Amino acid sequence: MTDTESGLKEMMLRGLAGDAGAHAQLLGALGGHLRAYFARRLGPGAAETEDLVQETLLAIHLKRDTYDPRQPFTPWAYAIGRYKLLDHFRRRGVRKAVPLEDAGVLIAAETAEEGATRRDLAQLMSELPDRQRALIEDVKINGYSIEEAAGRQSMTPGAAKVAIHRALQRLARKVRS
Amino acid sequence: MKTDELVHTLAADTTSVAPRSLTPRLLLATAAAVVVWLALLIPIYGMPATAAPHGWFWMKNTYSLVLALVGLVAVVRLARPGGRVGWIAWIALAAVAALAMMAMRETMRAAPGEVVPLWLGQTWAICPVRILVVGAPMFVAAFWLLRRMAPTRPALAGAAAGFFAGAMGAATYGLYCQESAAAFVVVWYTLGIVICAGLGAGLGRWLLRW
């Protein structure tokens, strides 16, 4: 378990330094851990599990500047996962306690197999402004680099990065509404 | 969209990100608010020391500043996922208890007819309102900055922000307040600060979710 912590922390720090590969690896690994954690709390086969995994990954990505590198990583990620679970219950008007466990429960198990999503992020993305959507699709589906995708929209790479970031923030808000 | 695809989309948004620190921003915003208040108050009421030349002048401000410091530490802790207030809350309680003891001593020494004026002063009805008004810019600043953070206990984080803003409002207002009894301060200053904290808790529940 301490191996998992140090491995995750290492990837997090590299991601914060701008290493996209490490960041993708981190989010992939966290996805597996969050899936197992949510499945245990929501019950097996619950339809919301994958939605919550996606929402939490978005939040972890957008709020990664609130991680203090002097602290261990797992408690930070666990607190976000638990918060998203509580928020999920609250929004649905479900009164349900979520025990505050040791953060280690997050990394104690993982489930690699993705469940089906109820809410389609691609659908939500289609509601984004055209340019933002086009940028994300080019980067994600068509496999362009940010520079290439920016060129296709006649934007500077810097402006494209900002637009992608804004699009993800907007997406995170849509996911919660 | 598959989670896998989402991960790749998010990875496309990887830029080098510095850890976001709240303390310097909050202190800067608070200092700016205090300066603006002084710029408004000095032309009208004169310099603080001449406006309230009482022996107990520093008692009020030390009390408010100790509470503000506790509020600051609490806000900064609660701003991050998993953050807790911790033992620092006891310092606030100790400050209230110390001032309450001073108030008791004042009361026991006072002549029978002086006891009520000691606790109510001249301005009891307006003091908490003034603390609220003077603390309002600090309140807005703290909430503004907290929204960029990730509090996992939004109501508590909002209460801490309100507590901090109220205590800073009290510290600023205290420069001009004409009251000088510990009995007055322990009741009405504390009430003003607690009202700010309550407002913060209520608003935090809604405004600090993410």
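**Helix packing and chain contact in a predicted model**

In this predicted model, the axes of H2(A) and helix H3 (residues 49-62) of chain A cross at roughly 135 degrees and come within 9 Å.

Reader: How do the residues of the contact of H2(A) with H3(A) divide by class?

Author: Good one to check by eye! H2(A) brings residues including Leu27(A), Leu30(A) and Arg35(A), while H3(A) brings others, among them Leu52(A), Thr56(A) and His61(A). Sorted by class, the residues of this contact come to ten nonpolar, four polar and one charged.

Reader: Which word describes how H2(A) lies to H4(A)?

Author: Helix H2 (residues 20-42) of chain A packs with helix H4 (residues 73-91) of chain A at an angle of about 45 degrees, their axes 11 Å apart. Angles under 35 degrees count as roughly parallel and 65 to 115 as roughly perpendicular. The angle therefore makes H2(A) to H4(A) oblique.

Reader: Which residues of H4(A) make the contact with H2(A)?

Author: On the H2(A) side, look for Leu30(A), Leu34(A), Tyr37(A), Phe38(A) and Arg41(A). Facing them from H4(A) are Ala77(A), Gly81(A) and Leu85(A).

Reader: How many nonpolar, polar and charged residues has the side of chain B that touches chain A?

Author: Chain B has 27 residues in contact with 41 residues of chain A. By class, the chain B side has 13 nonpolar, eight polar and six charged residues.

Conventions. Residues are numbered from 1 along each chain as its sequence is written. Chains are lettered from A and ligands numbered from 1 in the order in which they are written. This is a predicted model: local features need pLDDT of at least 70, side-chain atom pairs count only at pLDDT 80 or more; totals for chains, interfaces and linings use all residues. Axes are lines fitted to C-alpha atoms, for helices over the stretch in contact, and angles run from 0 to 180 degrees between N-to-C directions. Helices (H or I, at least four residues) and strands (E, at least two) are DSSP runs, numbered from the N terminus. Angles under 35 degrees count as roughly parallel, over 145 as roughly antiparallel, 65 to 115 as roughly perpendicular and the rest as oblique. Two residues are in contact if their C-beta atoms, placed from the backbone, lie within 7 Å. Ala, Val, Leu, Ile, Met, Phe, Trp, Tyr, Cys and Pro count as nonpolar, Asp, Glu, Lys and Arg as charged, and the others, Gly among them, as polar.
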